Amino acid sequence: MTNHDHERALDLIMRRGPEQITAPEAAWLESHLAACPQCAQYVNDFDNTGRLLRSVAITASPRLVAATQQRLRARALQMREQQTRMVLIAISFCIGAMSSALSAWLWWKFGGWAVERLSLPVSIVAPGIFLFLLLPAVVIAALMLAFPQPVFESRFMAALAREREGDNQ
Ligand SMILES: [Zn+2]
């Protein structure tokens, strides 16, 4: 008896339950099992395992189903919340960039007049543009320091996400 015979026997043992094996295959297997105690033992173990698995009813209880659905829903909500947060960050970035550009443009337009009115040195007009580019960021940072309460509070984010979910349904 070769290793190949044992392998063929094991393959047929595993296949004969769920699949149909041919009559010559079944006959060959029977004769092999009669002559090979190892493979006969394997058949025994294989059948016992099958019986054991069938005796443990693997059915999901309604509570398990509900808990799983609940978890999936929470995960979906969390993902939407992250998306919403990214949108708000992008909007904040655009507002920041636009306010910087506007501030610098106003200084570029009216800086000369302001320098003249306040009798400041004319040499600050050009570097002043950089100051006014940074000014909105400085103002926003100062406001955030003054009001440390997080604006994008998670309950607010969750409410936004739920609203979007409602739109999708
Ligand atoms: Zn064998």
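## Helices α4 and α5

Helix α4 (residues 62-117) and helix α5 (residues 125-146) cross at roughly 140°, and their axes come within 8 Å; axes are lines fitted to C-alpha atoms over the stretch in contact, with angles from 0 to 180 degrees between N-to-C directions. Helices are DSSP runs (H or I, at least four residues), numbered from the N terminus. The angle makes α4 oblique to α5, a term for what remains once angles under 35 degrees (roughly parallel), over 145 (roughly antiparallel) and 65 to 115 (roughly perpendicular) are set aside.

The contact, which requires C-beta atoms placed from the backbone to lie within 7 Å, includes Trp107 and Trp108 of α4 and Phe132 and Pro136 of α5. Its residues divide into twelve nonpolar, seven polar and no charged, where Ala, Val, Leu, Ile, Met, Phe, Trp, Tyr, Cys and Pro count as nonpolar, Asp, Glu, Lys and Arg as charged, and the others, Gly among them, as polar.

## Helices α1 and α2

Helix α1 (residues 3-16) packs on helix α2 (residues 23-35) at an angle of about 120°, the axes being 10 Å apart, and the two are therefore oblique to each other. Asp5, Ala9 and Leu12 of α1 meet Glu25, Leu29 and His32 of α2, a contact with three nonpolar, one polar and two charged residues.

## Basis of the model

The model is predicted, so local features need pLDDT of at least 70 and side-chain atom pairs count only at pLDDT 80 or more, whereas totals for chains, interfaces and linings use all residues. Residues are numbered from 1 along each chain as its sequence is written.

Notes:
Two residues are in contact if their C-beta atoms, placed from the backbone, lie within 7 Å.
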